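Me: I'd like to learn how to read a structure like this one. Can we go through a few features together?

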Amino acid sequence: VTKSSHFSDTPYQVLSNFDQELFAKALSHQRKGQIEPAIVLWKKFLQKNPKSFAARNNLGLLHYASDDITQAIYHFNQGLKLRPKESQLKMNLVRALKVQAAIFEENMEYDEAIMNLRRVAELSPAKEQERFERQIEALEDQIFEQVKKTNSIGEYQGFLKKYPHSPGNSDEARMWVENRLQIEKMNNQERSSYKSQPRL
């Protein structure tokens, strides 16, 4: 799963002999596909070299390979904080976020999927962003369909709070809320005028 081209095989920092050996050992396990021992060694390496984005990247790839996507995303993110322009890390993070977004979508956890896709769009080149925007809009449509089924003002207001600019949906939600509030206001006025009428 983890192509060696995605590995960081250079420490990019001055290391003691012990740490150089540790780096080499961890990398050697990783190349052989020995996930568990490689994870142990990278963690050990990171304890002494917390600023190593190469180790973060490699650890992220190992977690990705063992289907622990949440941990993979965590390590890629940490690596990216250390080296924001590192394209390899970005690419790995985008891949992991897309996988997690697909899982969220499958589980109908649309809000979480949207959060991931927004991050993917942010990290992607401009020409690809539009594709993710469309994916996000499709998910917002799904969420709005669920909101319409509830017919509850709280759900509509919740949707507007989260997605104030959802094409088509936000305007429809605003209209719905305004109409509902108007109806409630009229009902309240009728009730109070009915109460204040003198009883015979």
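Me: Which residues are buried in helix 9?

Reply: Buried means under 20% relative accessible area, exposed means over 50%, and partly exposed is in between (1.4 Å probe, protein chains only). Helices are DSSP runs of H or I with at least four residues, numbered from the N terminus. In helix 9, Asn169, Ser170, Ala173, Trp176 and Val177 are buried. Their cover includes helix 7 (126–150) and helix 8 (153–162), where contact means heavy atoms within 4.5 Å.

Me: What should I know about the model itself?

Reply: It's a predicted model, where local features need pLDDT of at least 70 and side-chain atom pairs count only at pLDDT 80 or more, while totals for chains, interfaces and linings use all residues. Residues are numbered from 1 along each chain as its sequence is written, and side-chain values use heavy atoms, with hydrogens and water left out.

Me: How many aromatic pairs are there?

Reply: Rings of Phe, Tyr and Trp (its six-membered ring) pair if their centres lie within 6.5 Å; planes under 30 degrees apart are stacked, over 60 edge-to-face, the rest tilted. The structure holds eight such pairs. One of them, phenylalanine 23 with tryptophan 42, is edge-to-face, at 4.9 Å centre to centre and 85° between the planes. Both of these residues, phenylalanine 23 and tryptophan 42, are buried.

Me: Why is the pair of phenylalanine 159 and tyrosine 163 called tilted?

Reply: Because the planes of phenylalanine 159 and tyrosine 163 are at 50°, with the ring centres 5.3 Å apart. Phe159 and Tyr163 also belong to one aromatic cluster with Phe144, Tyr156 and Trp176.

Terms used:
Helix = DSSP H or I, 4+ residues; strand = E, 2+ residues; numbered from the N terminus.
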